[in-house]
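Here is a short note for a colleague opening this entry for the first time. Please read the points below with the model on screen.

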Amino acid sequence: MAKVYNWHLGRDMSYPYEGAYPERQWAFVFNINRCIACQTCSFACKSTWTFSKGQEYMWWNNVETKPYGGYPQGWDVKILQLLDQAHQQAGLPARWDQSRRDGAERPYGTYDGLTIFEAAERANPQQEVAIGYEPTDQEWSAPNFYEDTPTGATSSPGDTTLEPVTLPEHKTWFFYLQRLCNHCTYPACLAACPRHAIYKRPEDGIVLIDQERCRGYRKCVAACPYKKTMYRATTRVSEKCVGCYPRIEGKDPLYPGQPLETRCMSVCPGKIRIQGLVPMNPDGSWTEDRYNPIYYLVKVAKVALPLYPQFGTEPNGYYIPPRWAPRTYLHQMFGPGVDDAIERYSNPDRELLAVMQLFRSTQQIIFRYEIIQGPKVFEATVGGRKWEMYNDTVVGYGKDGQEVTRVSVEEGVQERPMQYINSL
Ligand code: SF4
Ligand code: SF4
Ligand code: SF4
Ligand code: F3S
């Protein structure tokens, strides 16, 4: 295997191919704290891409209730178990070394454990490029199994490690996890396909399955740790989220020539989603782009974290973790950046509060933002500290530098004139 640098892990890791990086990378940030599980995102995708015969079970976007829910059922527990077995066999701990944190380049320190690629490499003889499994029909049968099912504060008698850390009056907890293909920088699906039928687009990093080349070998289904490639029995080839590439290319007649956020992103009534394109350097690191909202949230404010970074695919979906869930659970899911991210999100500074207003304020992809400072409108004590709120205005600019959105921190109030008081 080749060696590639994975900045989520803060180190080089094994991958079957040399690194090849797009000019810009398709990426998103989801704020878990805001999701209402309405599934509008799931249905927007389904009604656009997966409404045909053989695609019935395909939910390229799904929203599951954690800790029990999952589609396919138990997907993350199974991958974590496989990874754990590999560590036990190798006699290695799966640790993060946070003393090696280093700014935007190594924001979470280094991961000293095995990735799914490295775990597979240790098998003798090596059978697969990544450890994984193919879900059964039964596991694909209930997309929203365990919806809204909470868990108790402890995982077993005497074990208090899952005790909620905030809102202690709530003795049970759950949260919604919104999931789609992460268009990974080091896709396991791509690495596993013996037909070389999966490719990553050089212009935007979207990962696609070539429907002509695919022969239905399903190695991609087994290798994707997020279980986001799906086999279609009617065509005998696999399919996956296409990143709504026509919208990214500016082909949507709504705004000709302008990159638009994907279908699942642009419909979200909870305003939890923002999507963008981050510029990349030829070595796979993100080019510093301070006022790109995605760059700011991930690399500067560091409130948004990758999902299961230890898997090693360098996923390009980032999550603002829920404030109320047990930290041990969140550390396993989002890595060691969780505590800082929740602290910053709970006491947002002026810039973060303004940038948070950009979520779902336009369908056009925001390439740069600017903040116009406004007056102080509120003051409070949060967590024993003084917190001030300013009515700043944040302006978003599109691909060609044109203004695409303008929102202020305080929501505007519309007073309906008397003559329209009772009419639409
Ligand atoms: Fe959550 Fe938004 Fe999807 Fe609704 S549309 S389930 S709020 S992510
Ligand atoms: Fe491939 Fe899975 Fe990564 Fe999507 S999430 S690019 S399907 S490995
Ligand atoms: Fe579906 Fe497009 Fe969202 Fe992918 S990006 S899950 S194809 S709506
Ligand atoms: Fe390859 Fe997956 Fe098709 S492994 S052949 S893309 S089913």
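1. Start with helix 8. Pro293, Ile294, Tyr295, Tyr296, Leu297, Val298 and Lys299 are buried in this helix. Helix 8 covers residues 293-300, and seven of its eight residues are buried, so the rest of the structure largely encloses it. Keep in mind that this is a predicted model.

2. What covers helix 8? The cover over its buried residues includes strand 3 (24-31), strand 12 (273-279) and strand 14 (317-320). Helix 11 (350-356) and strand 15 (368-372) are also among the covering elements.

3. Now the overall build. The protein has 11 helices and 19 strands. Its radius of gyration is 22 Å, which agrees with the value near 22 Å for a compact globule of 424 residues. Along the principal axes, the C-alpha atoms fill a box of roughly 75 × 55 × 45 Å.

4. Packing and surface come next. Of the 424 residues, 54% count as buried. Among contacts with a separation of 6 or more, 65% join residues 24 or more positions apart. The accessible surface is about 19000 Å², and carbon and sulfur atoms account for 50% of that.

5. Charges: the protein has 47 positive and 48 negative ones. Their mean positions lie 3 Å apart.

6. The disulfide count is zero. Cys241 is buried, with a relative accessible area of 8%. Cys264 is buried as well, at 6%.

7. Some backbone geometry deserves a look. Most peptide bonds are trans, and most residues other than glycine have a negative phi. The next two points list exceptions.

8. Which peptide bonds are cis? One runs from Lys66 to Pro67, with omega near 15 degrees. Pro67 sits in the loop between strand 4 (62-66) and helix 2 (75-90). Another runs from Asn124 to Pro125, with omega near 0 degrees. Pro125 belongs to the loop between helix 3 (116-121) and strand 7 (175-179).

9. Glu314 is buried, with a relative accessible area of 0%. Arg360 is not a glycine either, yet has a positive phi of about 55 degrees. The loop between helix 11 and strand 15 holds Arg360. Arg360 is buried, with a relative accessible area of 11%.

Note on methods
Residues are numbered from 1 along each chain as its sequence is written. Chains are lettered from A and ligands numbered from 1 in the order in which they are written. This is a predicted model: local features need pLDDT of at least 70, side-chain atom pairs count only at pLDDT 80 or more; totals for chains, interfaces and linings use all residues. Side-chain values use heavy atoms; hydrogens and water are left out. Helices (H or I, at least four residues) and strands (E, at least two) are DSSP runs, numbered from the N terminus. The radius of gyration is taken over C-alpha atoms; the globule rule is 2.2 Å times the number of residues to the power 0.38. Buried means under 20% relative accessible area, exposed over 50%, partly exposed in between (1.4 Å probe, protein chains only). Contact means heavy atoms within 4.5 Å. Accessible areas come from the Shrake-Rupley method with a 1.4 Å probe; for residues, only the protein chains shown count as cover. Lys and Arg count as positive and Asp and Glu as negative; His and the chain ends are not counted. The place of a charge is taken as NZ of Lys, CZ of Arg, CG of Asp or CD of Glu. A disulfide is a pair of cysteine sulfur atoms within 2.5 Å.
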